[in-house]
Amino acid sequence: MATMEECRSALDRLSDNLAGADGDVRGAAALDRSLSCHIKDLGMTFTGRLADGRIRVLDTVEGPPREKAEIRLAMTGDDLVAMVDGELNFAKAWGSGRVRLEAGFRDLLKLRSLL
């Protein structure tokens, strides 16, 4: 099972990957939205913002997110690490229910290029 430190490191690497992306991925990452990533098996949630092509983690809270972020993710720590490491395909994980992504319809359309 991935630790909180490994999950935080994975989010930092994902942020770096988004910041270095081009084209459609760069455009999707350019949203300015509140973000939460609930790590189900650890019972913790990272909260922050997706802005300027980066993910900025602002806080870590115990349990599910206290406020409804504009973009909400939920998964296990192992799945987060595997996705960032390229070992788990996000679209397949989302389609199978291993990863939950909730956002407004327009944001989902923009985020589809990240899938």
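Is strand 2 largely enclosed by the rest of the structure or exposed, and how many of its eight residues are buried? Six of the eight are buried, so strand 2 is largely enclosed by the rest of the structure. Buried here means under 20% relative accessible area, exposed means over 50%, and partly exposed is in between, using a 1.4 Å probe and protein chains only. Helices (H or I, at least four residues) and strands (E, at least two) are DSSP runs, numbered from the N terminus.

Before going further, a word on what you're looking at. This is a predicted model, in which local features need pLDDT of at least 70 and side-chain atom pairs count only at pLDDT 80 or more, while totals for chains, interfaces and linings use all residues. Residues are numbered from 1 along each chain as its sequence is written, and side-chain values use heavy atoms, with hydrogens and water left out. As for pLDDT, that's the predictor's confidence in each residue, from 0 to 100. The chain averages 90, with 92% of its residues at 70 or more. Confidence is highest in strand 1 (residues 33-39), at a mean of 97, and lowest in helix 2 (residues 23-29), at 68.

Now back to strand 2, which has a partner on each hand. Two strands pair if DSSP finds at least two bridges between them. Strand 1 and strand 2 run antiparallel over seven bridges, and Cys37 stands opposite Phe46 in strand 2. Their hairpin has four residues between the strands, and Gly43 takes a positive phi near 65° there. Strand 2 also pairs with strand 3, again in the antiparallel sense, over eight bridges. Arg49 has Arg56 in strand 3 as its bridge partner. This hairpin has two residues between its strands, and Asp52 in the turn has a positive phi of about 55°.

Cys37 and Phe46 turn up again in the largest nonpolar core, which has 28 residues; they are among those with the most contacts inside it, along with Ile71, Leu73, Met75 and Leu80. Strands 1 to 5 and helices 1, 3 and 4 each give two or more residues to this core, and helix 3 provides the largest share, five residues. Such a core is a set of buried Ala, Val, Leu, Ile, Met, Phe, Trp, Tyr and Cys residues joined through side-chain atoms within 4.5 Å. If you click on Ile71, you'll find that it touches Leu35, Leu50, Leu101 and Leu111, among others, not counting residues up to four places away in sequence. Contact means heavy atoms within 4.5 Å.

Helix 4 holds both Phe90 and Trp94, four residues apart, about one turn of the helix. A search of the whole structure finds one aromatic pair. The rings of Phe90 and Trp94 have centres 6.2 Å apart and planes at 35°, so the pair is tilted. For reference, rings of Phe, Tyr and Trp (its six-membered ring) pair if their centres lie within 6.5 Å, with planes under 30 degrees apart counting as stacked, over 60 as edge-to-face and the rest as tilted. Phe90 is buried at 18% relative accessible area, whereas Trp94 is partly exposed at 32%.

Finally, look at the loop between strand 3 and strand 4, where Arg66 sits. Arg66 counts as exposed, at 66% relative accessibility.
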